[in-house]
Amino acid sequence: MHSAPDQERSVCGFCHRPVSRELYECVDTRGSRWKWAVCDLCGAHSLVPRPSDADLAKAYDTAYYGESETKFVGWSERFIEWCRKGRAKRLSQSLKSGARVLDLGCGNGGFLSAMAGMGSYDLHGVELKGGSATRALGRKGIHIKVGTLEQDDFEPGCLDLVTLFHVFEHLVDPGNTLEMIHRAMHRDARLVMSFPNIDSFQARLFRGDWLHLDPPRHLFLLPGNSFRRGMESYGFDVVAKRFFSVEQNPFGLIQSMLNAMGLPRDLLYERLKGNGHYASHHGGGSILMQKAFAGICLFPAIVIDAIESLMGKSATVEYTLIKRPLAR
Ligand SMILES: [Zn+2]
């Protein structure tokens, strides 16, 4: 397959029309250079040029989910597990027994497994082929489809809760996915989506060095107002927002600071994911120093996240949406 010329690929990741203005450069962990640009029509910030299929295949190879079974290693995986349980508990509180749940981009199925422990639900996940999907398939009490969401996967109106945790910004055709989700949701269902907050202080301060740009896997990020408008056009209304995330935001600050100091991009993050290949190119001493730096900064970073969250400027955001009744 040949890739399209860069000009053809300078399109908005959300609405697929040409981008209006380039903002800044960013470099991925393989050293490839990208730009982030803004679309004046829908307001999305997008990675340009649009990554080719080959770029994405490389970016999602085994290194993405780490070389071990879990995405993260040791204490960091246990911490993520604890956060997932908290999220499952929170979201299960408004679900009736027997509710049907879809976690799109379910990774290794950890969230669905946590949901299984919270009550009697009909739990479904969709995940692209790879180590994570294999692990999800091995979990009891959940149904996993390996691949992408397709129109016939769910009957219209059958889903009570749909979740996309840090998945939306990875979607190659977000409009099509939103249409399928809308169709499959019950009229009283909720859609919960979290993703990096491009309105955040971290995004503005660190620009191309911001951890949560995650080039080239994150294709677009929508500012709050653009998200609200964009989702309305697909038939959803935002009913709640949540900013504080001890799982995502403090570490985002620490890793972005390390990136801005000129250290290899996302090195500590890759190391925590068990990406020994990337980390082996750089000395062990440097990793130890970075871990020590992270240890010192962790508590202040959590306090900063709490303050940023009060202002709606924290590094990630979680939205709850409902299906807007169709106008006649
Ligand atoms: Zn656009």
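Is lysine 35 buried, exposed or partly exposed? Lysine 35 is partly exposed, having a relative accessible area of 32%; buried stands for under 20% relative accessible area, exposed for over 50%, and partly exposed for what lies in between (1.4 Å probe, protein chains only).

## Basis of the report

The structure is a predicted model, in which local features need pLDDT of at least 70 and side-chain atom pairs count only at pLDDT 80 or more, while totals for chains, interfaces and linings use all residues. Residues are numbered from 1 along each chain as its sequence is written, and side-chain values use heavy atoms, with hydrogens and water left out.

## The seven-stranded sheet

Seven strands form an open sheet in the order β6-β5-β4-β7-β8-β11-β10, and their pairing is mixed. Strands (E, at least two residues) and helices (H or I, at least four residues) are DSSP runs numbered from the N terminus, and two strands pair if DSSP finds at least two bridges between them. The edges are held by β6 (143-146) and β10 (236-242), each with a single partner strand, so one side of each has no neighbour in the sheet. From one strand to the next, the twist averages 20°.

Within this sheet, β7 (residues 159-165) and β8 (residues 185-196) run in the parallel sense and are joined over six bridges. Valine 162 has leucine 191 in β8 as its bridge partner.

Eight of the eleven residues of α5 are buried, so the helix is largely enclosed by the rest of the structure. Among the buried residues of α5 are Leu178, Ile181 and His182.

Leucine 102 belongs to strand β4 and is buried, with a relative accessible area of 1%. Apart from neighbours within four places in sequence, leucine 102 has contacts that include Val126, Phe154, Leu159 and Val162. The C-alpha atoms of leucine 102 and leucine 159 are separated by 7.0 Å, although these residues are 57 residues apart along the chain.

## The zinc site

The zinc ion has as its protein donors Cys12 (SG), Cys15 (SG), Cys39 (SG) and Cys42 (SG), which lie 2.3 Å from it. Donors are N, O and S atoms within 2.8 Å of the metal (3.2 Å for Na, K and Ca); water is not among the atoms, so sites may look incomplete. The four donor atoms subtend angles of 99 to 117° around the zinc ion, which makes the arrangement tetrahedral, a term used for four donors if all angles lie between 85 and 135 degrees.

Along the chain, the donors follow the spacing C-x2-C-x23-C-x2-C. Distant parts of the chain are linked in this way: cysteine 12 is in the segment before β1 (21-27), and cysteine 39, 27 residues apart from it, is in the loop between β2 (33-38) and β3 (45-48). Cysteine 12 is buried at a relative accessible area of 0%, and cysteine 39 is likewise buried at 1%.

## The four-stranded sheet

A further open sheet consists of four strands in the order β1-β2-β3-β9, with antiparallel pairing. Its edge strands, β1 and β9 (220-221), each pair on one side only. Six bridges join β1 and β2 in the antiparallel sense, and glutamate 25 stands opposite lysine 35 in β2.

## Salt bridges

Side chains of opposite charge can pair when their charged atoms come close. The whole structure contains 14 salt bridges, each defined as a side-chain nitrogen of Lys or Arg within 4 Å of a carboxyl oxygen of Asp or Glu. In one of them, arginine 9 meets aspartate 55 at 3.4 Å, N to O. Arginine 9 lies in the segment before β1 and aspartate 55 in helix α1 (residues 53-59), so the pair ties together parts that are 46 residues apart in sequence. Arginine 9 is buried, at 11% relative accessibility.

Glutamate 22 and lysine 35 also form a salt bridge (3.4 Å, N to O). This pair ties together parts 13 residues apart in sequence, because glutamate 22 lies in strand β1 and lysine 35 in strand β2. Elsewhere, lysine 145 forms a salt bridge with glutamate 150, their closest N and O atoms being 2.7 Å apart. Lysine 145 is partly exposed at 23% relative accessibility, as is glutamate 150 at 47%. A network of salt bridges links Lys145, Glu150 and Asp153.

Methods
Axes are lines fitted to C-alpha atoms, for helices over the stretch in contact, and angles run from 0 to 180 degrees between N-to-C directions. Four donors count as tetrahedral if all angles lie between 85 and 135 degrees; four count as square planar and six as octahedral if opposite donors are over 155 degrees apart and all others between 65 and 115; anything else is irregular. Contact means heavy atoms within 4.5 Å.
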